[in-house]
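The sequence and structure are shown first.

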Amino acid sequence: MRSGPSQAALFIALVLSLDVVYAQRGGRGAPAAPPTPRAAALFDLSGQWVSLITEDWRHRQFTPAKGDYAPLPLSPAARKIADNWDPAKDEASGEQCKAYGAAGLMRLATRIRIAWQDDNTLKLEADAGTQTRMIYFGAAQGSGGDWQGLSSAMWDSPRAPFAGRGGGPSSGGSLKVVTTRMRPGYLRKNGVPYGANAVLTEYFDRFDVPSGDSLLVVTSELVDTENLMTPYWTSQQFKRENGTTGWNPTPCAAR
């Protein structure tokens with residue numbers, strides 16, 4: 001006589017049937033969608049921020065004199081370009097925004113506004129030069145070739161890619177932004193060049209200090225083998241402002 005199914009076989013059949021029911025009802029068998037970059041944000045970048053010119057003051061607050069490019073690691077070709085800088089020529093050719101591209105903009109004395117354009121896109125506006133930069137999580141959208149290039153972002157866990165850099169105490173991580181396909185521009189307003197193949201990597205960190213202020217630190221690495229002998233590192237600081245007072249969009253200036 002054939003024996004009936006064992007208790008173990010009946011239990012397995014019951015579990016499999018329940019899995020089918022849960023899957024059909026969107027239960028255990030249907031994994032939840034991952035959070036959007038906005039929902040997964042490590043800290044809040046939104047609002048208006050003003051640059052704090054705490055170092056390299058004479059190169060950032062004013063237009064340096066021709067030939068003043070120390071201590072930049074310029075190649076011989078880049079030195080030649082900088083030594084022949086002519087702001088009148090830039091104005092005549094409609095290129096007075098060369099110093100306001102992504103690789104130089106954050107070093108200027110400026111205010112910036114950061115806001116979510118949608119759940120996957122940040123918009124960064126600067127009143128200096130009236131520039132707007134879109135920062136996309138995942139693949140950047142567009143073909144590039146303008147002053148701000150193509151910026152692709154991700155939330156990055158703290159691992160200090162640059163010596164001395166750490167995640168802000170309020171975040172435990174950074175916003176990492178990689179920008180490529182920039183229109184050739186100036187690292188400094190006095191004609192120090194960067195090229196179309198330059199790659200800009202930035203880490204945005206927020207620090208909430210005991211005084212109640214919030215600071216934004218943007219650590220940058222620019223790799224440009226055409227114009228720089230080594231990668232060029234900088235760190236820019238911004239203070240969060242309450243409200244919109246002080247916002248003053250101004251056109252690009254070559255001088």
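## Second largest pocket

The lining of the second largest pocket comprises six nonpolar, three polar and two charged residues; Ala, Val, Leu, Ile, Met, Phe, Trp, Tyr, Cys and Pro count as nonpolar, Asp, Glu, Lys and Arg as charged, and the others, Gly among them, as polar. Among the lining residues are Arg60, Phe62, Tyr100, Leu108 and Lys189. The volume is about 180 Å³, taken as the space filled by probe spheres set on grid points joined across faces, edges and corners.

On a 1 Å grid over the protein atoms alone, a pocket is an open set of points with protein on both sides within 12 Å along at least five of seven lines, a cavity is a set where a 1.4 Å probe fits but cannot get out, and lining residues have an atom within 4 Å of a point.

## Basis of the model

The model is predicted: local features need pLDDT of at least 70 and side-chain atom pairs pLDDT 80 or more, while totals for chains, interfaces and linings use all residues. Residues are numbered from 1 along each chain as its sequence is written, and side-chain values use heavy atoms, without hydrogens and water.

## Largest pocket

The largest pocket has a volume of about 240 Å³. Its lining has 16 residues, with Ile81, Asp90, Lys98, Tyr186 and Pro193 closest to the centre. Seven are nonpolar, five polar and four charged.

## Cavities

Two cavities of 30 Å³ or more are found in the whole structure. The largest holds about 240 Å³, and Ala103, Gly104, Arg107, Leu187 and Tyr232 lie nearest its centre among 25 lining residues. The second largest cavity has about 40 Å³; its lining includes Asp90, Lys98, Tyr186 and Lys189.
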